[in-house]
Amino acid sequence: MADPIIVGEHISHRYGAGFHLHVDRLALSAARTYAVYGANGSGKTTLLNILALLTHPQEGRILLDGRPVNDSDPARSRGYRRRVTLLMQHVYLFRSTVFDNVASGLRFRGVAKEALEERVTRMLSKVGLEKLAHRSAHSLSGGEAQRAGLARALVTEPDVLLLDEPTASVDAAHGRQIEEILRETCRQRRMTVVLSTHQYDQAHRVADEVLIMRDGRLIEAGPENVFKGRIDESVDGPVARLDCGVTLRTNTAVRGDALVAISPREIQLSRSPHPSEAANRLEGVLSAAAVDGDRIRLDVDAGLRLTVHVARASFAGMGLNVGDSVYAAIGASAVRTQ
Ligand code: ADP
């Protein structure tokens, strides 16, 4: 994978004695869409505000293109803010027309009148607000205001767009429309998108990679290894019956419908069906392998698509090639519920 555009390192931020956000490492690649999925209060807004440099974490740092961004170098922070735009959950529109609101970022950047008009008009039509261009922004409905905010963010063509629950206050149809605009813009402009959501379906619909946030921690990275299913009691103890048809032994205390997650680091691969103590053993095929820093990310098709992280050095010793048959061993305690 190419070098990440933004990296958050050892980020730690507390609100008093209560909430504590702790993210050891978060790497965002160019032209990729990430969803930060988590319940209300899990820390999504705090994380996005840190990535937007609105909140300064008490510990840790943000790197842009491999170089730290901090207040001791204001020009660099300014450069970062030009390339990274945050669309807040409750969009604030100025007391002016829709057109002026969408144009504001371009005016600030000194874009000439003609180019500005052309870009704003094109963007308004993209979000379906061209007929409302000269209306007062404060007369817009919630969904329209959200789209105006999105247009204002997109028109400046940021490299990275952060969106905090962009569809939380709009109806389902407008939510889908916003998702579609994002998808299309990402494709056309190779923009990186980080979108927070408490809707599991949305996370998986829009994102290349889903980051799950719980109690201030990113507990899983990857679109992989999070499955819908149901936890039932069986004669051998609890089992996770996944919607994809695979059943896995688990130790979870949860029963009923659940999201089931398996950490990519807790899956052991081998070339032969070695006798393993693991409660779950699946046979599959290695379908992809990619270098990711000092580890290799492997995709295995085993009735479900599993992503497995293996240290580079261990992978070299395994003698595995894409297309090979592999066996995946997963302990019952590694099959967790969200
Ligand atoms: P989310 O976006 O996932 O709903 P937030 O990042 O908004 O989560 O909040 C995480 C936790 O931190 C919540 O418990 C929230 O009440 C608390 N919190 C957020 N902002 C502040 C603040 N400025 N002061 C104190 N507590 C805060």
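Residues are numbered from 1 along each chain as its sequence is written, and side-chain values use heavy atoms, leaving out hydrogens and water. Because the model is predicted, local features need pLDDT of at least 70 and side-chain atom pairs count only at pLDDT 80 or more, while totals for chains, interfaces and linings use all residues.

**View 1. Glu209 and Arg32 meet in a salt bridge.** A salt bridge here is a side-chain nitrogen of Lys or Arg within 4 Å of a carboxyl oxygen of Asp or Glu; a search of the whole structure finds 17. In this one, the N to O distance is 3.0 Å. The pair links distant parts of the chain, 177 residues apart: Glu209 sits in strand 9 (residues 209-214), and Arg32 in the loop between strand 2 (20-28) and strand 3 (33-37). Strands (E, at least two residues) and helices (H or I, at least four) are DSSP runs, numbered from the N terminus. Both partners, Glu209 and Arg32, are buried (under 20% relative accessible area; exposed is over 50%, partly exposed in between; 1.4 Å probe, protein chains only).

**View 2. Arg205 pairs with Glu179.** Their closest N and O atoms are 2.8 Å apart. Arg205 belongs to helix 7 (residues 200-206) and Glu179 to helix 6 (residues 172-189), so this contact ties together parts 26 residues apart in sequence. Arg205 is partly exposed at 31% relative accessible area, whereas Glu179 is buried at 3%.

**View 3. Arg305 meets Asp299.** This salt bridge spans 3.7 Å, N to O. Arg305 is partly exposed, at 40%, and Asp299 is buried, at 16%.

**View 4. Arg230, Asp232, Arg241 and Asp257 form one network.** Salt bridges with shared partners join these four residues.
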